[in-house]
Amino acid sequence: MTFAIVEAPRPGVGKPPAIDTVVATAWLIAFLRDELLVRRRIEHAVVGLSGGVDSAVTAYLCARALGPKNVHAIRMPYKTSSPSSLADAQLVIDDLGIAARTIEITDAVDGYLRQESDADARRRGNVMARMRMLVLFDQSAKLDALPVGTGNKTERLLGYFTWHADDAPPVNPLGDLFKTQVWALAKHLGVPQRLIDKAPTADLEADQTDEGDLGITYARADAILSQMLLGYSNEQLVERGFAAEEVTLVRRRVDGTHWKRHLPTTAMLSNTAINEFYLRPVDY
Amino acid sequence: MEPPRNLNEKPQRLRVALVQTKPLKGRYAENLANLQSAFAQIESEVDLVVLPEAALTGYFLEGAVYEVALSARRFADDLTRAWHAVHGDRRVDLACGFFENDEGTYHNSALYLELARGAGRIVHVHRKMFLPTYGVFDEERFLSRGRRLQVFPTRFGTMALLICEDAWHAIVPTIAAIKGARILIVPSAAPGRGVEGPGELTSILRWREILTTAAVEHGVFVLYAGLTGFEGGKGMTGSSCVIDPRGEILVSSPPTEPCIVIADLDLREIDLARATLPLLGDLDAVLPDLLLDEELPLPRGSCHPEVGP
């Protein structure tokens, strides 16, 4: 008698993390309604619409959660921003029928940078990102709305964002979704295909792309990150078939940016230090 | 041939209502008032009402847990008043999770209460034994562990209360069943995560596996009451359900809405399921061999202080 050998599949190079887009959409709509309508009693959302896929997905979710008339898209181009970004954002505005406004940040940014002629591209990009944050919060105050964040898990883990800028809005529906999951969600929500297909970019410099800046594709970064976060060592990840240099790159970025995922570090001086001893949940 | 008549005098049917609450964080009095509204929607034939873990306070309370914890007696009196305000002297049993202040020792507890003729008798208080303190959870920082798993008699047969992570350790439902439990009541507050599908959050699917496995292995009914609502971005997954002793999900609720789940339990199903799949009886016989194994890291002799209400 012979028995067929049935062997469990060996762990191999993981695919990017999966997503059931129907489940995720329902969950994120419930989240947005709870955070805005129930917890804060705010009916309007402000979304900074860049022309990229993350802010588009955020706008689609907000429109579903709150109704299109309660979503305000703000486009905030700088003089070097690509005109196609504005056009791509317009596709979203037209498709959803949401209110939209374009607020140039060039004067405000240049008003400061004129005094800082030595500012390199990184500093200039950070100034732009922080100016956009300022505009979003002020527009929210004006419109009795809440700014909704658009950052995804991949960029948060890789530290590929400006601290206290892209991460500043008080609620963030996409922050626990990898970029590849956001793309899948975009397709499900009906985001215009152009925005899904184009190379993601922070659009702070000409011809800039995220994947060029990061040195790895989102698909491979997400596959590595999703397993790294489960606790696998670099050695184990390489055993699973990932490229050693990419594993090292991803690990270095994650380990070097833990601080960006926290509030500022406060010196502890008492037995009642806030968030150390004195602990209260954010929604208490 | 017709099966022999069941000579057991206990009721053979049990109509249960699982109230999937969505509490306002820390606002006990308002949540109690909302519960009274839920009671008003429960039709008169219901025998047992089950509520989730931390049903009237919310779950993630951190240090604020000391501000909302109550004695079991006070909590029982509040539940009793809420029920009687709506249903008068109508008899009912209630199981509900709450944060317990036991003279300065704090527990994540659930009580089982019999209400009859205007008075509430505490049948049992279970204190959560497995306090998750990892990842997003921080219970043991603020709360003390329960030290004992007890089953308790009710007019519907022997039951056990397992709170949330208690049910994730297969040995806990196993011991409850070995000690005679025929119905496992699982109040829970389960923050959802995992969007890989299919069809549900991964954590909901995992819960279903755990509960159906326990139901089938021991031939017990499982009554799972899940908290719902978002708490600071962490969404509780509701998904309250009733599972029969063959592992069939009789009814389950959606994850994000407060609701009341009603089911009729035919308690004879327990004996039939156990006759078909007598795993519990098998375990009864083998358990001493397993537990007396000297390689197990167990203290020998009595290790339990007398605890409990």
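Predicted model: local features only at pLDDT ≥ 70, side-chain atom pairs only at ≥ 80, totals over all residues.

Trainee: How many residues are in the largest nonpolar core?
Mentor: That core has 66 residues, and A:Val250 is among those with the most contacts inside it, along with A:Val57, A:Leu61 and A:Leu185.
Trainee: Which helix gives the most to this core?
Mentor: Helix α2 of chain A, residues 53-66, which puts in 10 residues. Apart from this core lies another one, of 47 residues, including B:Leu14, B:Tyr112, B:Ala177 and B:Cys241.
Trainee: Switching to chain B: how many residues of strand β4 are buried?
Mentor: 10 of the 12 in β4(B), residues 105-116, so to speak mostly covered.
Trainee: And which way do β3(B) and β4(B) pair?
Mentor: They're antiparallel, over 11 bridges, with β3(B) covering residues 92-102. B:Asp102 sits opposite B:Thr105 of β4(B).
Trainee: What's in the hairpin there, between the strands?
Mentor: There are 2 residues between the strands, and B:Glu103 in that hairpin takes a positive phi near 50 degrees.
Trainee: How many bridges join β4(B) to β5(B)?
Mentor: 8 bridges, again antiparallel, and β5(B) spans residues 119-127. Here B:Ser109 stands opposite B:Arg127. This hairpin also has 2 residues between its strands, with B:Arg117 at a positive phi near 50 degrees.

Terms used: Residues numbered from 1 in each chain as written. Chains lettered and ligands numbered in written order. Heavy atoms only, no water. Buried < 20%, exposed > 50% of the residue type's maximum accessible area, 1.4 Å probe, protein only. Helix = DSSP H or I, 4+ residues; strand = E, 2+ residues; numbered from the N terminus. Pairing = 2+ DSSP bridges. Core = buried A, V, L, I, M, F, W, Y, C linked by side-chain atoms within 4.5 Å.
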